[in-house]
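Please look over the sequence and the model below.

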2 protein chains.
Amino acid sequence: MIITNTALQNPALEETVFHVANGYLGMRANIEGAKKEYCRGFYINGFYDQSPITYGEKFQGYAEEKQSMCKLCDVQGISLFISGKEVLVQDLPRLAYEHTLNMQEGFVKRSFIVDFEGTALQISTRRLASFTVRNLAVIEYTVQVPTQSADIAIHSTLNGDVANFHNASDPRLAAVAEKPLQVLSCKANTESLFLEMQAKHSGLCLACKVSHVQNGLACRVEQTDTMAKAIFTGTLQAGQSYTLYKMIQIKDTYHFTDLTHEALQDPSRYFTAQAEYMHAFWKKSRIIIKGDEALQKAMDYSIYCLLCSVGFDNKFSVSAKGLSGEGYEGHVFWDSEVYVMPLFIATNPSIAKQMLSYRHTLLPYALEQAQKLGHSQGALYPWRSIAGGECSAYYPAGSAQYHINADIAYACMQYYFATKDVDFLATELFPILLQTARLWLDAGHFTEKGFCIDEVTGPDEYTCLVNNNFYTNVGAKHNMQYLLYAVEELRKAAKNDVLAQVGEAELAEIRKAMEQMYIPHDAKTNINPQDDSFLQKKPLNLADIPKEKFPLLLHYHPLYLYRHQVCKQADVVLAHALYSDSATRESKQASFDYYEKICTHDSSLSLCAYAIMAAQLGMPQKAESYFKETVDLDINNTHKNTHDGIHTANMGGSFLVISKGFAGLYFNEQGLCISPNKTHSIEGYRFHIQYHGSDICIDATQTECTLQLCSGPAQQVYIYGKAHKLTDKMTFAIAQ
Amino acid sequence: MIITNTALQNPALEETVFHVANGYLGMRANIEGAKKEYCRGFYINGFYDQSPITYGEKFQGYAEEKQSMCKLCDVQGISLFISGKEVLVQDLPRLAYEHTLNMQEGFVKRSFIVDFEGTALQISTRRLASFTVRNLAVIEYTVQVPTQSADIAIHSTLNGDVANFHNASDPRLAAVAEKPLQVLSCKANTESLFLEMQAKHSGLCLACKVSHVQNGLACRVEQTDTMAKAIFTGTLQAGQSYTLYKMIQIKDTYHFTDLTHEALQDPSRYFTAQAEYMHAFWKKSRIIIKGDEALQKAMDYSIYCLLCSVGFDNKFSVSAKGLSGEGYEGHVFWDSEVYVMPLFIATNPSIAKQMLSYRHTLLPYALEQAQKLGHSQGALYPWRSIAGGECSAYYPAGSAQYHINADIAYACMQYYFATKDVDFLATELFPILLQTARLWLDAGHFTEKGFCIDEVTGPDEYTCLVNNNFYTNVGAKHNMQYLLYAVEELRKAAKNDVLAQVGEAELAEIRKAMEQMYIPHDAKTNINPQDDSFLQKKPLNLADIPKEKFPLLLHYHPLYLYRHQVCKQADVVLAHALYSDSATRESKQASFDYYEKICTHDSSLSLCAYAIMAAQLGMPQKAESYFKETVDLDINNTHKNTHDGIHTANMGGSFLVISKGFAGLYFNEQGLCISPNKTHSIEGYRFHIQYHGSDICIDATQTECTLQLCSGPAQQVYIYGKAHKLTDKMTFAIAQ
């Protein structure tokens, strides 16, 4: 479970790939004493500032303020001086280099051996973001001077003068350089460095304390208004190794009421505790891919990164880039519910519960957003947000993506189907289901052809503002169906107070809309059209487009893309992957074949959906090819923008391929359904799921699948649609 | 021909209504010495600066820079001091007030009698923007102290420290306050005040010279870096009247190569010359409305304002607000071709020719815009611009309005049909027709139902990004047809060099697209659907919406509007009005009835189209009601935003109602067609048109119509579709 780079070819990429994070704080893998780099960064999940959005032409109901994750104070600074001369490791002749992510024990190690004025100087670091003490990161910094003694000085800094990353010509990044934080106080003493900062507009505060643990060097401090510095000086003997531990504690007012920092233990204790934590995590959550080390490593990396990214309380979920970079400004999208949450629902339901609870706390903002968009009832979750307000500055590929409502409802019920947590259903999930269902009733209308939903944007952002987007209508139908199902469940549980929120007449109207929902289907081709007019448009021949013009959004005006049959990502195919009952197998196959030709996969949310459907449709070779592209995306930087952060949705997609694609694992009204599909060269896979309080291991080879009840009560399982009681262990053949 | 206000109830409105302009310069009717006012302004048509457009999220091909008409130096400042005390006329008790626009002689007069410390003080001004010397404006400022002698001082200023008007919450106005001009030099001497200014980004320069003509007071001057001031002091005897002429000369590098100012004549000479100019203009261009003084006055005002607004060279056309205010930032839209130009084509073809020549000079920018939007051929005129680049910051209701191409082609051919100016066709119109037709071929595509044009926005901005907008497809069809017609005309005229620009294969393809153009028609209702999906949307019941929620665009998110059947303005109905052959009479009637119910007329471009079609469809009472709303719009401030400028398109619409609506006057391939429709209470109308070198007077009563050839050769005229030779005078009954 180790990822290693032995040549520093793409430092910007390494900044992301080797970041450390623990769901609360995250630190990019910058070289401590670097003078030039791509993006130096330290973050807290959900710690944001806000700023007005400027529009060339502004219309009613537009998002007014944007929340952006703040780049926090820089805590990584450690500069080494030998005989008064600064050692800039990245500029010196390199004798050896190794950068390692140890996923098994949860830390990152980097070691440089450089030629410094004729001597081989070794500088190595270990870093962790502690899972046992969430507000702590540790940098262990070791210097070894092998051949002759040296006078050294090490400057360790805590710097409050930072600005957010930006790139005005890429819509996936912040357009303007902001310095959202101001320093409230800056202190330095030989015990510790200390910085208090405040976000200018949100008012959020943080307190960061840096303590040093070392032996042998003298310490003095310096400070300015915005920077505190500890300077360690002394002489190292030839061959002597010197280690400085930089203990970084941070707390903020978004997550904590008391910003006091706890007393610290011995540094090595945190590394040990981290290893123990990870051991327990992997036992429960590792997805074994049999017989393919590279895939295994990539899959481990996906799961590991998701653990690093997911919020530890109900104040935050998972942003598009986790805590690894500033792409998409730290916003939470539908990615969290559709792509990431299924992993946690299946393997760590308590984490999924917190993610859903985050959405519940933001329900008032969703009610407000619905009103802003002219609705007379219901809630519309913002397309991108941190603390609740819509932050999308381009509604056609933003607020118009109403499907986020259905996606959140979907996640609510996936969690419920897997846990039967009826109390949580009553208190937090039901209000979400009710208000999202109400929104659909207001957004759509009954016509001759059924209940229609006009002027929305589906997942595919290369076709915006359409009528009857297949994915949206299917999702809305399920959203309503889930509400009706939840009502039944709550009735059974006699949650009468909760049920008083909705009357019979409204439920009847919702049932009518659900039953009459118009689901686009084209008789001639037997495919599900992406929307009412998609099939009438001019197809774009992707083979005619030069490679350097991808992703298309960076090279073509939206109108050009919208006018053509071309997809940024899976849309109909994703609906088929999430909602098994949304089409016949033949229609799924026809749709797959149709859309595959015109899909660019310019979005990282696309490949996994194609992998799932390929597996389900009996194309295992194709499924594995898409799967490989999915799991490799960040490690191999195939989208060429991993330097801006990992793609958390795609990482969640890796699990979706294994679970929905290969294992055919679905939670639904029936319960737990498993219908494994053939693999091609993958020898098998194994993972555990948590279901209704039981731990079930799913272990597949190329020909058969074994289910084992590892703990908890016996459970009913539907295998290829047939009910079985799982009391201990059962093995069955994988269907052709 | 006089418009008078006798109470200063709405100073902001008066600033617009009583502005003076001459197609080159324009000055709002600010009170000379005002301290507080709505928007003080002095402008040159086409004098712009540019600034980057900021987007919250920016995509490929977006307009990068916006041109905005600059507010120029303030030339209106004249402050009066009596015994050292400033006379702020608008704050003093008012004994009498009169503000008069004399359209017959082309000047504005305002007179205040105020109670100044117990004496009745009269201050009156006359202003003109000279039509005979286009770079000259004159303010005649007269003070009369009736009862006792007084020491007076008059400060006349030329001030370069000005900022553009803005309002961030109204998309019809600039979002940001800009100070686009910097002062290059500022001089003051007792002969004149002088200011040289430069627009910071466009680099355009202006030189403004203010000379004073007066007798009796001593003059001294003061100056700062940005302001020059002449101070006139002395004693006025009781009952003595004192007049100061402020002669304002301005020239700029957008229109002139030499900025030297000519020597001036006696001030009164310009007032006399103006009266002569206006006399000649009215003789040719007045539209007589018989028996209704109020309508007559409003119609005169429309024609007068259009003369004031239209550029005097081929560097500018007509902006949405003319030279009367900063609404829409001085941009030229399709308004100029579809709404304003028909008046000039019919009455002053040389002005229309210059407006078309303006579009021809901008063809290179339109070619570039087509490329930016991904087209492989053709030209796409920008939706809003001054000097050629797209300035729309919201493409769904901007650049996506491809119909502007058809509108310009329409104007080209209207001009040609009326003039048979084959040389101009060859040199300037044909390249426009060719490149716009080419664009359609690239933008659309052949399908089973015909040639379709997807993802465009029609005139109705409450429904954006649609497929097969009726107005657009009808216009595109005509655009192609016009090109083919022009080819025939050029063949006849043996313009072989010009014809070499296009080959037979391309013409055949254009003919095919033209013939197969898909024109939406709904068999069930017999209406022309506005676009492919319009009829499927939820109708909006306008009666349910409170009055204060109009115009809807200021109160509802675009998505809400786009999702409903609701129109900002005539779309299908406008197509019927412009292109008589676009539908059967029954279909026009059904469409009129259908769209009338859901049209808010939130755009000022709407009423006239409904008036035209009501007249043509035999609803004279309704036609007159819409007509009255059209001509009254600015005078009565019915849209409540005339303070930001007049609505030039609507003013042109006033003529469209008389010509296309009542007289049934069309220029087309056949020639001149006249098919008068009944009026209801309007007793008749009379106007002259210029046709193929002849002056023809059209004189209608409620029952009959007389055509008289006033000058030029005999002409063939189609009356109710039947050809007649007009050699002298002919009278015919108006059909039922």
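Which side chains meet in a salt bridge at 3.2 Å, N to O? In this predicted model, the partners are E448(B) and K524(A). Across the interface of chain B and chain A, six salt bridges are found by the rule. The interface also holds 24 residue pairs in polar contact, with both residues at pLDDT 80 or more.

On the side of chain B that touches chain A, the elements giving two or more residues are α8 (422-443), β21 (444-447) and α12 (558-563) of chain B. Of these, α12(B) gives the most, with five residues. By class, that side of chain B has 24 nonpolar, 16 polar and 14 charged residues.

In residues, 54 of chain B are in contact with 53 of chain A. In area, about 4600 Å² is buried between chain B and chain A, and carbon and sulfur atoms give 55% of it. Within chain B, the residues that lose the most area to chain A are E57(B), H557(B) and R563(B), together 15% of what that side buries.

Now turn to a helix of chain A. Buried residues in α14(A) are S587(A), K588(A), A590(A), S591(A), F592(A), Y595(A), E596(A) and I598(A). Their cover includes β24 (564-565), α13 (572-578), α15 (607-616) and α16 (620-632) of chain A.

Notes. Residues numbered from 1 in each chain as written. Chains lettered and ligands numbered in written order. Predicted model: local features only at pLDDT ≥ 70, side-chain atom pairs only at ≥ 80, totals over all residues. Heavy atoms only, no water. Contact = heavy atoms within 4.5 Å. Buried area = accessible area lost by both parts, 1.4 Å probe. Salt bridge = Lys/Arg side-chain N within 4 Å of Asp/Glu carboxyl O. Polar contact = N/O pair within 3.5 Å; in protein donor to acceptor, adjacent residues only side chain to side chain. Helix = DSSP H or I, 4+ residues; strand = E, 2+ residues; numbered from the N terminus. Nonpolar A, V, L, I, M, F, W, Y, C, P; charged D, E, K, R; others polar. Buried < 20%, exposed > 50% of the residue type's maximum accessible area, 1.4 Å probe, protein only.
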